[in-house]
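The questions below go through salt bridges, strand pairing and helix packing. Each answer ends on the item asked for.

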Amino acid sequence: MAQALNTALRDSLRADPNVLVFGEDVGALGGVFRITEGLAAEFGEQRCFDSPLAEAGIVGTAVGMAMYGFRPVVEMQFDAFAYPAFEQITSHAAKLRNRTRGAVELPMVIRIPYGGGIGGVEHHSDSSEAYYTHTPGLTVVSPATPADAYSMLQEAITAADPVVFLEPKRRYWTKAEVELPAATEPMHRAVIRRAGTDVTLLAYGPMVATAMEAAEAARTEEGRDVEVVDLRSLSPLDEDTVCASVRKTGRAVIVHEAPVFGGYGAEVAATINRRCFHYLEAPVARVGGFDIPYPSPKLEEHHLPHTGRILDAIAELQWEEDR
């Protein structure tokens, strides 16, 4: 996935001279996770450059650049590092088109490596997606596969409005055979990663691979036929794909790393309840991180959703044999 993202940035820089890449350590170092490795050497410091350690300045500068026709792609380095830029993102990037009655487009991408699973301490493992999806004016997406990482990042860079591009850092080293340039489904569409008939698992970003593992375990251990839906786009949400799956299976479990209370899964559950109520055989279940600040590296494996917790949630749904 890391290589796919790097290639997407390189191809976008080659295709459009207005594309710029900047952020903390993205130049000579190539980023903490080496996503921008080699870009500064190929395109020069005018196109890929290091910024000061000031996230509000990074995003604020990008807003001004985008207003004048550039297409900046900025990196926040780690999820919680983006909080100092939150005011710029929500008050300016998200609202400028509305503020100008549509006269000013803001083509910019805010790349945020997010989530846990890498043994990082606090400020390095947050799942902050709900903050951004709650803000009208932002498109929020998260790829789960190398092919989607390439295709969705390229699409985000060509978009006319700001995109918060959440990269699941624990999946940077996920490998797949991908023929580039890859063209997957449009980034606003959810996709069925595994077809099934008994229950729908809904996940995104880092949890898609975990959901796939849980689906296979449910088949071998419980005989459950589990469908896995990769949401891909969190805002806007592809309600039609989600609801078509849930209407087919009659049951739904939503999985994400963020704490359950007030998490993004609540919005998905509300959508399912509104549009699929008469199809449901059981209440919609959610599996997420515990409602605590992100724990120390030694404890994160217990905090993050895993196959066992997902299987428990599936087992607790109302099944015929339990009645």
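Q: How many salt bridges does the structure hold?
A: This is a predicted model, in which local features need pLDDT of at least 70 and side-chain atom pairs count only at pLDDT 80 or more, while totals for chains, interfaces and linings use all residues. Side-chain values use heavy atoms, with hydrogens and water left out, and residues are numbered from 1 along each chain as its sequence is written. A salt bridge is a side-chain nitrogen of Lys or Arg within 4 Å of a carboxyl oxygen of Asp or Glu. The number of salt bridges in the structure is 20.

Q: Which residue forms a salt bridge with Glu-167, and is Glu-167 buried or exposed?
A: Glu-167 lies in strand 6 and its partner in strand 4 (residues 109–114), so the pair ties together parts that are 56 residues apart in sequence. Helices (H or I, at least four residues) and strands (E, at least two) are DSSP runs, numbered from the N terminus. Buried means under 20% relative accessible area, exposed over 50% and partly exposed in between, with a 1.4 Å probe and protein chains only. Glu-167 has a relative accessible area of 0% and is buried; its closest N and O atoms are 2.5 Å apart from the partner, Arg-111.

Q: What is the accessibility class of Arg-189, the salt-bridge partner of Asp-238?
A: The side chains of Asp-238 and Arg-189 meet at 3.5 Å, N to O. Asp-238 is in the loop between strand 10 and helix 9 (239–249), and Arg-189 is in the loop between strand 6 and strand 7 (191–194), 49 residues apart. Asp-238 counts as buried at 10% relative accessibility. Arg-189, at 34%, counts as partly exposed.

Q: Which residue forms a salt bridge with Lys-248?
A: Lys-248 belongs to helix 9, and its partner is in strand 9 (residues 226–230), 21 residues apart. At 46% relative accessibility, Lys-248 counts as partly exposed. The closest N and O atoms are 2.5 Å apart, and the partner is Glu-227.

Q: Which strands stand at the edges of the open sheet?
A: The sheet has 7 strands in the order 2-1-3-4-6-5-10, with mixed pairing; two strands pair if DSSP finds at least two bridges between them. Each edge strand has a single partner, so one side of each is left without a neighbour in the sheet; these are strand 2 (48–50) and strand 10 (233–235).

Q: Which residue of strand 3 is the bridge partner of Phe-22?
A: Strand 1 (residues 19–23) and strand 3 (residues 71–75) pair in the parallel sense over 5 bridges. In strand 3, the bridge partner of Phe-22 is Val-74.

Q: What is the orientation of helix 3 relative to helix 4?
A: The axes of helix 3 (residues 55–67) and helix 4 (residues 86–93) come within 8 Å and cross at roughly 25°. Axes are lines fitted to C-alpha atoms, for helices over the stretch in contact, and angles run from 0 to 180 degrees between N-to-C directions. Angles under 35 degrees count as roughly parallel, over 145 as roughly antiparallel, 65 to 115 as roughly perpendicular and the rest as oblique. That makes helix 3, relative to helix 4, roughly parallel.
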